[in-house]
Amino acid sequence: MGLTLTEKILKAHIVDGELIKGTEIGLRIDQTLTQDATGTMAYLEYEAMGVPRVKTELSVAYIDHNTLQNGFENADDHRFIGSVTKKHGIRFSRPGNGICHQVHLERFGIPGKTLIGSDSHTPTGGGIGMLAMGAGGLDVAVAMGGGAYYITCPKVVRVNLTGKLSPWVAAKDVILEVLRRMSVKGGVGKVIEYCGEGVKTLSVPERATITNMGAELGATTSIFPSDEVTREFLTAQGRGEVWTPLAADPDAVYDEELTIDLSQLVPMAACPHSPDNVKTVAEIGSMKIDQVCIGSCTNSSLLDMLKVAYILKGKTVHPDVSLSIAPGSKQVLQMLAQNGALADMIAAGARILESACGPCIGMGQSPNSHGISLRTFNRNFEGRSGTRDGQIYLVSPELAAASALTGVLTDPRTLGEMPDFQLPKTFTVNDNMIELPAPESEMDKVEILRGPNIKPFPQTSPLADSIDVPCSLKVGDNITTDHIMPAGAKILPLRSNIPAISEHCFTVCDPAFPTRAKELGKSIIVGGANYGQGSSREHAALAPLYLGVKAVLVKSFARIHRANLINAGILPLTFANEADYDKIDQGDELELANVRKAIEAGESQLTLRDKTKGIDIPVLCELSGRTKDIVLAGGLLDYTREALK
Ligand code: F3S
């Protein structure tokens, strides 16, 4: 039986487990990337692991999210990342060099390689035939240290592309159609693999738009084959030598299939407030707009920008519309400047932004209240734009530019004949904003620049023989990661400072908790059902770790938070009988005698002694072989450190 392209790459990288769908497998990771919002912690974690030089083939740190540098914290984070990468063998893409995924595609992506990045849109690399996945900062740190990256062996969906896009219909419309059909939950546990005759009609940047926004399907990743089009793109980037042809076997078997006839697609938009709320432009009708933002890792390639410049050339942006454009990389911006397209944009009245994430991550350009904003981005969740009642529509660059001129939602097919836009045979290559690491022989001379906001990763220790500590906090059902570790403009800059960010831990529930936990030294938290729901924020486990929390005992956990607790070396316990939750009070002295021996022996049923009440409470601790070893070692960092010895 033939293999899918996904299976071929998985097979070449599997180091633990077997290619059986739905089971956990460990993969060797060839490349990693980080962005600054998640990168600082990833590098603190990497430092804590004690591996002198990265073991990946290539690791790159990008600064693209918080580039405004309001206050010293951001600037300190950037300097820290710049120095820590220099020492440990990682390339550093400076602020202004571009958005991580755009630059990685241009300068570093290699077909057939595995890439994980501490950013959910890392699957952009699938446009060039990489198996590229978004991951947590700690996962990236472990991969840099040479550890495996664990995923659930995915199902593979074949998306068969036929035909060719009509003029002014875009790659964005292809992924919007996939989202319309599969929904934002439709890709969970799956890789979306694009095949068929229509593939060769799409350029690499167009393919990357499609794989980028596959993240909105909830998919593990998305991937295109590596073909002649890929070879031409890499050659034009001066990297033709890294090309290899890659495709699924003709008799490959897929778990699901769907067909999209490209020639039947029409311009579409994802309407507020979900990327799968897709309608055609005709269905939405002629809607007045207030703002247009063009850019983001989804649609900021040279090809996108050349189309936008062509549409704007010689015209003026509608007086009721604010149009901003952020080219995706320094390469794109420089080439636009060289060929005059940038001048056309400026002359039309576009506001040119830095090559960075910018408005996509809420760094400026929030729409006016109730404002309607057309964006070429990938997410339109309520409030993400910075305006609570902003109405965000996700569209192609062509549709965005055409609408910026008219002030109403405009079908770009009304623009008339479309020129044959082609990528250049040679891109302008100038990597002077990418700093190389120091040679290994000189790494000891590199000073790590730690501003006052950069604090080391919290101390961890192997699981103790027994846990005999008080309950420092008792909370109810549906505690979210926002309760545990609130976000917000004041707290976000403290991500690289666990002692400082811990002062905010659980303060929405109990302002006295951080002080009390520190005074107690070690403690247990007791909670209700669905504890830790919400985001994958690892700080919701790291702050309790810093505050001395040894175990969390609840009625039930949200899956990702439970995994984060294990990674932090905090014991995740559940009540065998939920009713026992009522028997424990905050302040009770709790004891798990000989817990280490029990976990080592693979026992999942433990007994918690409430010494204050004088009662025994049965609790469960269900760990697999690997998670058991992680907890015993004191967390994923210690486990990896041991495993790599
Ligand atoms: Fe940046 Fe937005 Fe992409 S924050 S990495 S441009 S999704």
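Over how many bridges do strand S2 and S8 pair? Strand S2 (residues 24-27) runs antiparallel to S8 and is joined to it by four bridges. Strands here are DSSP E runs of at least two residues and helices are H or I runs of at least four, numbered from the N terminus; two strands pair if DSSP finds at least two bridges between them. The model is a predicted one, in which local features need pLDDT of at least 70, side-chain atom pairs count only at pLDDT 80 or more, and totals for chains, interfaces and linings use all residues. Residue numbers start from 1 along each chain as its sequence is written.

The S2-S8 pair belongs to an open, antiparallel sheet of three strands, ordered S1-S2-S8. S1 (14-16) and S8 (149-152) sit at the edges with a single partner strand each, so one side of each has no neighbour in the sheet. Within the pairing, Leu27 faces Tyr149 of S8.

Ten of the twelve are buried, so H6 is largely enclosed by the rest of the structure. A buried residue has 20 or more other C-beta atoms within 10 Å of its own, with C-beta atoms placed from the backbone. Among those in H6 are Lys172, Asp173 and Glu177.
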